[in-house]
Each structure stands twice: as structure tokens, then as C-alpha cells.
Amino acid sequence: MIKLFVLLSFLLSCMIARVIIPKITLISEKKKLFDLPDERKVHTGAVPRLGGVSFFPTIMFSVSFTLALRYIFDYYIPGKIADHVLPEFLFLTCGLTLLYLIGTADDLIGVRYKKKFLVQILASFFFPISGVYINEFYGLFGIHSIPVYIGIPFTILLVVFITNAINLIDGLDGLASSLSGVALVTLGILFLQRDLLCYAILAFAVFGVLLPFFYYNVFGRAEDGTKIFMGDTGSLTLGYILSFLTIKYAMNNNEFGFINSGAIIIAFSTLIVPMLDVIRVVLLRLRLHKNPFQPDKNHIHHKFLAMGISHRKTMLSILGIACLFALSNIWLLPYVNINILFVIDVVVWTGMNIVFDKIRDKQQVEQMQ
């Protein structure tokens, strides 16, 4: 019965977002708040970019309402878990509030990336303050337990990295929301298996808000005012929550009976495509002596488009790659050493990008001829 609360959080988010998002498109139309196309962007019309404004309030309402109902109906959170959940969720809300404010400002008037980085770093400090930080590598690179003075700065770096990875992959209709959706469902199920229902409630509440947004983002049309982007407000919100859920699952939580020898690989497998894509793009920019923070058209979705693949098929192809990585890692982990599995992931990813580059270059040569 208690798992019905997870379903309730999902349905609440779906319904609230379904009502709010069309209103945001109307306000954006009236106030002329559009994301205009340029040489780097792949859309052609003026599209509202405030869809992500609906994410934070919808998620907070759904999670808060659902957890409150748990107490009203006497489904209390076990004491040891409750001692962790309360500070974690309160500090999570603090960080989300900061990112919501800076993201909204960026979507409305624009904010320099240095200021956004500072706010992201500040928000990332709330994780270790609440007790959420990487404290175990489970033998990856031969490392097991990690001391606090290394785990905390590593966690802060990781939160900023994942948050920006989701932000940077948001360059194609439905891509960031679908990749985040896969990660959220996977993590939600993993937490359900561990009976850590508060985290499952959060994961499915976020997934619930993404479904109506995905519909308007992918199937809406700029011509009739039904299309919308999530903007930085949405991508920062998604990235921050995904950071929280992945790091929480990857932790050695043996204080209340939650420890998994492959937790770090399983957790980050859900985000392997946006994470590895950002690493590849940054290394490429550095090799070409370019500013690593300067936007370009070298992300994986740009490659697919350059190969002549349509927007919709590009989104589905990348989504399929993400699902393949996540499912194969979860399936292989009991049988394959964690270090070998990590090397396989990197080699497969590198090999795929080499193939994609060759197809893209061949396509461009044919077009020039």
C-alpha cells in the first residue's frame, strides 16, 4: 500500500504540469519571451523557453503533499532513515531554490556563465552539509573507502559537472527530458527495490513533470504556440536532482542497511551519455585551444544531425544508446569486474564516436561535391 504514495507523487506532478505548462506558453506569447534561433541552435522559430519554470514548484508540491499524507495515514518513515531524509530534503530544497532563481534570471535576461558557476558551486555545498557525498568507490581504480576531506570536494565537483552535463545536452527537442526520464525511472526503481521510498517518491515526481513537458516540447509547434523549451531553469533543476539521487544511491549507506558493491557504476550508468559527452567535448575544445566553456556544435546530437539524421530519429537514437549503457551495466555487473566494466564503457563510447565522426565527415564531403 505504501508504494501507492510513489504513484501518487507521479500522478500529481503529471496533472499539475499539464495545467501549468500551457499557461506558461500563453504568458510567453503575450510578453514576447522567446528563444530566438541563431547559427548554433537547431530550431528555426521563436519558441518560449520558460517550461522549466514549472518544474521546481510542481516537484516540491507533489513531494511535500505525498510525504505529508504518509504521516497523516500513519505510514511513518523509519527512525534511522528519517534522520537522514529530513536534512537531505531540506538542503536539497535550498539548493534548488538558488538554481531556480539563477536559471529564471538567465532565461529572462541572461546571466554570465561565471555567475551561474558560482551559484552552482554554492548549491553543491548543501549535499555534503546534509551528509550526502561520495564516500566509497567499491574497488573502482582500486579505491574503496574515501576519506571525508577527499569525498566532499569530489562531490562538489561532481554535482557541478552533472548539472552542467544536463544543461549542455539540452540542445534538441526531447533529448534532455528523455535522457533524464530514463535516469529517473531507473533510479526510482532501484530505490524502490531498497525500500527507500522517499527517494523513489522524489524520482517519480520529477519524472511526472517531464511527461507533459516532453509532449509540448516534442510534439508542439512554434506556429500555433504550443511548443516550449525547458531553458536553464529546467535543465539546472533536473541536473541538480539527478546529482542528488545518483550520489545518494552511490553512497555506502550501511548505517541503515543499504550497501551495494557496484552502486557507483549502477548509479552513474544512468547518466553515462551526457557525462561522457561533456568530457569528450571539453577535451576536444582544449585540444583545439578553445575556451572549454564556449558553446559549439560538437555534442553528440550535433553529430547525428550532421550525418543527415532527422531531429526525432536523433533523439530516439541517443535515448537508445543511453538505455543500452544503463541496462547492460546493471546486467553485467554481477559477472564482470567493476574496473573492466568501466573500461568497456569508455572503449565502446569512444569507438561509437569514431564511427559517428567518419560517417559525418563522409556525409559532409558528399554534400560539398
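Predicted model: local features only at pLDDT ≥ 70, side-chain atom pairs only at ≥ 80, totals over all residues.
Q: What box do the C-alpha atoms fill?
A: Along the principal axes, the C-alpha atoms of the protein chain fill a box of roughly 70 × 50 × 35 Å.

Q: What percentage of the residues count as buried?
A: Of the 369 residues, 54% count as buried.

Q: What about contacts between residues at least 6 apart in sequence: what percentage join residues at least 24 apart?
A: Among those contacts in the protein chain, the figure is 75%.

Q: Let us turn to helices. At what angle do helix 2 and helix 3 pack?
A: Helix 2, residues 55–72, and helix 3, residues 79–108, pack at about 165 degrees, and their axes are 11 Å apart.

Q: Does that make them roughly parallel or roughly antiparallel?
A: Helix 2 is roughly antiparallel to helix 3, because the angle between them is over 145 degrees.

Q: Is their crossing left-handed or right-handed?
A: Helix 2 passes helix 3 in a left-handed crossing.

Q: Which residues make the contact?
A: Helix 2 contributes Phe56, Pro57, Met60, Val63 and Leu67. From helix 3 come Phe89, Thr93, Leu96, Thr97 and Tyr100.

Q: How do those residues divide by class?
A: The contact of helix 2 with helix 3 has 8 nonpolar residues, 2 polar ones and no charged ones.

Q: Now another pair. How do helix 6 and helix 9 cross?
A: The axes of helix 6, residues 148–169, and helix 9, residues 231–250, come within 8 Å and cross at roughly 140 degrees. The two helices are therefore oblique to each other, and their crossing is right-handed.

Q: Which residues make that contact?
A: On the side of helix 6 they are Thr155, Leu158, Val159, Ile162, Thr163, Ile166 and Asn167. Helix 9 supplies Asp232, Ser235, Leu236, Leu238, Gly239, Tyr240, Leu242, Ser243, Thr246 and Ile247.

Q: And how many are nonpolar, polar and charged?
A: The contact of helix 6 with helix 9 counts 9 nonpolar, 7 polar and 1 charged residues.

Q: Where is glycine 103, and is it buried or exposed?
A: Glycine 103 is in helix 3. It counts as buried, because its relative accessibility is 0%.

Q: What is it in contact with, leaving aside its neighbours within four places in sequence?
A: Glycine 103 is then in contact with Asp232, Thr233 and Leu236.

Q: How far is its C-alpha atom from that of glycine 231?
A: The two C-alpha atoms are separated by 7.7 Å, while the residues are 128 apart along the chain.

Q: A new topic: what is the phi of tyrosine 138?
A: Tyrosine 138 is not a glycine, yet its phi is positive, at about 55 degrees. This residue is in the loop between helix 5, residues 126–130, and helix 6.

Q: Why does tyrosine 138 count as buried?
A: Tyrosine 138 counts as buried because its relative accessibility is 10%, and buried means under 20%.

Q: What about phenylalanine 141?
A: Phenylalanine 141 has a positive phi of about 60 degrees, although it is not a glycine. It lies in the loop between helix 5 and helix 6.

Methods:
Residues numbered from 1 in each chain as written. Heavy atoms only, no water. Axes fitted to C-alpha atoms, helices over the stretch in contact; angles between N-to-C directions. Helix = DSSP H or I, 4+ residues; strand = E, 2+ residues; numbered from the N terminus. Parallel < 35°, antiparallel > 145°, perpendicular 65-115°, else oblique. Left-handed = near helix turned anticlockwise from the far one by under 90°. Contact = heavy atoms within 4.5 Å. Nonpolar A, V, L, I, M, F, W, Y, C, P; charged D, E, K, R; others polar. Buried < 20%, exposed > 50% of the residue type's maximum accessible area, 1.4 Å probe, protein only.
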